[in-house]
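Visitor: Please take me through this one, and begin with the spaces inside.

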Amino acid sequence: MTDASNDILALLPARLKDARRAKGLSLEAVANLSGVSRSMVSQIERGESSPTISTLWNLTRALQVDFAGLLENNSMNDRIEVLRAEDIPSIDNMGTSCVTKILSPPEEAGGHEVYDISFGDGGALNSQPHARGAMEHLTVLSGTVEVTSGTVSKQITAGDTARYAADVAHSIRAIDGDARVFLIVKSRKNPV
């Protein structure tokens, strides 16, 4: 058996116990749901017995946890996902004289989106209203921009942050030279 296999087996008892507790289930309840005896579930959680694949499968189904995820050696806390600068997707044809780099993962579209936008002098990004309740949080990294939300406009400079409604027509425009902004778009999950 490899060191990686031994590491997984060492983590398995705690992961099973954590999954059971997260569901609020007793040892007896897991035994009833899985068909694995209560004493065997207890022994596995204490690390006194190594489950067969069949037993582990029954336990993961009863606990409604991912079989493969339970056996992964790396948890989400032990991972750093890096997107290299040259791999960041960008949109060059949205707006006037601006390049929008998409920093958030695709699955976040429509929920919590993150952008790095560079404007040439006079460059602008005009947006139609987003979903009801949507907000934008914009921080100017360099230069000066004018932000308009509905009928209100404000100039903000490097280091400033503006928060404004994005469920109305809104825009960002560079003034007095190039500008770069960091933009977060937050949409409400269940608008009222």
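Visitor: How do the residues lining the largest cavity divide?

Guide: Five are nonpolar, none is polar and two are charged. Nonpolar here means Ala, Val, Leu, Ile, Met, Phe, Trp, Tyr, Cys and Pro, charged means Asp, Glu, Lys and Arg, and the others, Gly among them, are polar. Before we go on, this is a predicted model, in which local features need pLDDT of at least 70 and side-chain atom pairs pLDDT 80 or more, while totals for chains, interfaces and linings use all residues. Residues are numbered from 1 along each chain as its sequence is written, and side-chain values use heavy atoms, without hydrogens or water.

Visitor: OK. Which residues line that cavity?

Guide: Leu16, Arg20, Val30, Val41, Glu45, Leu59 and Leu63 line the largest cavity. Helix H1 (3-22), helix H3 (38-45) and helix H4 (53-63) are the elements that give two or more residues to that lining. Helices (H or I, at least four residues) and strands (E, at least two) are DSSP runs, numbered from the N terminus. On a 1 Å grid over the protein atoms alone, a cavity is a set of points where a 1.4 Å probe fits but cannot get out, and lining residues have an atom within 4 Å of a point.

Visitor: What is the volume of the largest cavity?

Guide: About 30 Å³, and the structure holds one cavity of 30 Å³ or more. Volume is the space filled by probe spheres set on the grid points, which are joined across faces, edges and corners.

Visitor: Back to Arg20: buried or exposed?

Guide: Arg20 counts as buried because its relative accessibility is 9%. Buried means under 20% relative accessible area, exposed over 50% and partly exposed in between (1.4 Å probe, protein chains only). Arg20 sits in helix H1. Beyond its neighbours within four places in sequence, Arg20 is in contact (heavy atoms within 4.5 Å) with Leu25, Ser26, Leu27, Val30, Glu45 and Leu63.

Visitor: Change of topic. What pattern does the chain follow along the sequence?

Guide: The pattern is α-α-α-α-α-β-β-β-β-β-β-β, from five helices and seven strands. Of the 192 residues, 34% count as buried.

Visitor: Which residues touch the most other members of the largest nonpolar core?

Guide: Ile117, Phe119, Leu138, Val145 and Leu183 do, in a core of 18 residues. Strand E3 (112-127), strand E4 (135-149), strand E6 (161-165) and strand E7 (170-186) each supply at least two residues of this core. E7 gives the largest share, six residues. A second, separate core has eleven residues, including Leu12, Leu16, Leu27 and Leu59. A nonpolar core is a set of buried Ala, Val, Leu, Ile, Met, Phe, Trp, Tyr and Cys residues joined through side-chain atoms within 4.5 Å.

Visitor: And what is Leu183 in contact with?

Guide: Leaving aside neighbours within four places in sequence, Leu183 is in contact with Glu113, Val114, Tyr115, Ile117, Glu136, His137, Leu138, Tyr164 and Ile172.

Visitor: How many bridges join E4 to E7?

Guide: There are 13, and the two strands run antiparallel. Glu136 stands opposite Val185 in E7. Five bridges join E4 to E6, also antiparallel, and His137 has Arg163 in E6 as its bridge partner. E4 also pairs with strand E5 (residues 152-157), in the antiparallel sense over six bridges. Two strands pair if DSSP finds at least two bridges between them.

Visitor: What about the hairpin of E4 and E5, how many residues lie between the strands?

Guide: Two, and Gly150 takes a positive phi near 65° there. Ser149 stands opposite Val152 in E5.

Visitor: Which phi value does Asp176 have?

Guide: Phi of Asp176 is near 60°, a positive value in a residue other than glycine. Most residues other than glycine have a negative phi. Asp176 lies in strand E7 and, at 77% relative accessibility, counts as exposed. Ser97 has a positive phi as well, near 50°. Ser97 is in strand E2 (residues 96-102) and counts as partly exposed, at 45% relative accessibility.

Visitor: Last one. Which residues line the second largest pocket?

Guide: Met94, Thr100, Glu113, Tyr115, Ile117, Leu125, Asn126, Ser127, His130, Glu136, Leu183 and Val185. E3 and E7 are the elements that give two or more residues to this lining, and E3 gives the largest share, six residues. The lining divides into six nonpolar, four polar and two charged residues, around about 180 Å³ of space. A pocket is an open set of grid points with protein on both sides within 12 Å along at least five of seven lines.
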